[in-house]
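Hi,

Here is the structure I promised to pass on.

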Amino acid sequence: MSRFWKIVLLVVAVLVIGFIGLRVLGGGKHKGEAGGTAAGAGKDGEQRDTGPVPVTVVDAIRQDVPVYASALGTVAAMNTVTVSPQVGGQLISINFKEGQEVKQGDLLAQIDPRSLQASYDEAAAAKRQNQAQLATARSNYHRSNAPEYRQYVAKTDLDTQRNQVAQFESAVAANEASMRAAQVQLQYTRVTAPITGIAGIRAVDAGNVVSAGTALVTLTQIHPIHVVFNLPERQLPDVRTAQQAGPVTIAALDRNDSHVLTDGGKLDVVDNQISSDSGTFRVRALFDNADNTLWPGQFVNVRMQLRTIAGGVVIPTQAVMRGPDGEYVYIVKPDNTVAMLTVKSGVEVGDSNVQITDGLKGGERVVSEGQFRLKPGSKVNALKPGETPAAPTEAELKAAAQQQGGGGGRRGGGPR
């Protein structure tokens, strides 16, 4: 190889080595700047994480907690009677309005009484006839049995007269029985209400010929009224214990559980057997229903108070969290940091609270909102329910703006 080519190869090698060196030095510089930026971001993140987390805090209070058994119930009339006439005839009048409340003994309908009145008059006439014959037979017997005439009357005739008196007495008694029977049938032409209740829609109209057993109308007693519902068999001991302790109060709520319809019910009957098909037992409650709130066939939610837990610890339901190890809550310590406590919830208290059976003693400050951003030891800004964090001051806004401006300069100052 000539001297010329050796010089050319040496120059090329120097250029290649210089290019590689420049690339290596430039990449290190960029990496350093990137590392500095990441470090700055990490530092800012740590500064952001160290700020207090706004949370809503409530006190765990102690109060008497009622324990309820709830179920879906059906309103049932205490008595339901289908009114039917006991005699046949033409229906000449309807004396009630559909849907009105009728009292026991009120006239509901009138059946034509003329044929039965004639039967009664016939029995009365036969009675008067036999009474006249009885009077004649008695007079003949008393005259023949008198001391001054007895010796002139044969003993056979005297016995015959005495038997005639007895015969006519029996005939009069039979006539009286016929009169009573006819009078009863005559009274049946006035169809009266057997119970106090609400009259339904009538089945026949005036002018129709009805017979014994024809349904006229149905009466439903709603004062008082029953509510029948089913409970699971595991609650039977609690129900029986409550029943033995005294009157058990029951409230009827609407289908949405939004408000109480009436709360004056009492436990009436616990059925004597458990259904093997459903594993439930029937319970019947009794309500006065003075304001007609409950109606037969209506579906209601039933809430029966079984007992009362004295001094139970109560917190909002949303304060209880669930994790792999069970239920827990966050409590706020005096230094405004939080700690996690394992708890065990019991019965519901109203629509938004729950009773805690284990883990809290009462008086603790419990986080009810915002706990999803917490971890043990987090610094918090404790707020009352409905309270919002205070707006930042002007100095805090300026400091935040300066911090953002400085960060932007550092991010934009590197070589491109």
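Arg-202 has a relative accessibility of 32%, so it counts as partly exposed. Its side chain meets that of Glu-98 in a salt bridge, at 4.0 Å from N to O. Arg-202 sits in the loop between strand E7 (197-199) and E8, while Glu-98 is in the loop between E3 and strand E4 (101-102), so the pair ties together parts that are 104 residues apart in sequence. Arg-202 also forms a salt bridge with Asp-205, where the closest N and O atoms are 2.9 Å apart. That links Glu-98, Arg-202 and Asp-205 in a network of salt bridges. Glu-98, at 41% relative accessibility, counts as partly exposed, and so does Asp-205 at 42%.

The average pLDDT of the protein is 85, and 85% of the residues score at least 70. Residues 28-49 are below 50, and this stretch has six contacts in the model beyond near neighbours in sequence. Residues 407-416 also stay under 50, with four contacts beyond four places in sequence. Where pLDDT is low, the predicted coordinates should not be read in detail, so please treat those two stretches with care.

Back to the charges: the count of salt bridges comes to nine. One of them joins Glu-327 to Arg-322, with the closest N and O atoms 3.1 Å apart. Here Glu-327 is buried, with a relative accessible area of 15%, whereas Arg-322 is exposed at 63%.

Now the nonpolar parts. The largest nonpolar core has 26 residues, and Val-227, Phe-229, Leu-231 and Met-304 touch the most other members. Strand E2 (61-83), E9, H5, strand E10 (249-253), E11, E12 and E13 each supply at least two residues. E9 gives the most, with five residues.

Which residues of helix H5 (236-245) are buried? They are Leu-236, Val-239 and Ala-242. Seen down the axis of H5, these fall within an arc of 130 degrees, so they line one face of the helix. They pack against strands E9 (217-232), E11 (260-274), E12 (280-287) and E13 (299-316). On the face of H5 turned away from the buried side you will find the exposed residues Thr-241, Gln-244 and Ala-245. Just after H5, Gly-246 takes a positive phi of about 150 degrees.

Then the strands. An open sheet of four strands runs in the order E6-E5-E3-E8, with antiparallel pairing. E6 (190-192) and E8 (209-210) stand at the edges with a single partner strand each, so one side of each is left without a neighbour in the sheet. Inside that sheet, E3 (89-94) and E5 (107-111) pair over three bridges, and Leu-91 has Ile-111 in E5 as its bridge partner.

Elsewhere, E18 (353-358) pairs antiparallel with E13 over four bridges, with Asn-353 in E18 as the bridge partner of Pro-316. Four bridges also join E17 (344-349) to E18, again antiparallel, and Glu-348 is partnered there by Val-354. The E17 and E18 hairpin has three residues between the strands, and Gly-350 takes a positive phi near 70 degrees.

Cheers

Technical notes
Residues are numbered from 1 along each chain as its sequence is written. This is a predicted model: local features need pLDDT of at least 70, side-chain atom pairs count only at pLDDT 80 or more; totals for chains, interfaces and linings use all residues. Side-chain values use heavy atoms; hydrogens and water are left out. Buried means under 20% relative accessible area, exposed over 50%, partly exposed in between (1.4 Å probe, protein chains only). The arc is that of the directions from the helix axis to the C-beta atoms. Contact means heavy atoms within 4.5 Å. A nonpolar core is a set of buried Ala, Val, Leu, Ile, Met, Phe, Trp, Tyr and Cys residues joined through side-chain atoms within 4.5 Å. Two strands pair if DSSP finds at least two bridges between them. pLDDT is the predictor's confidence in each residue, from 0 to 100.
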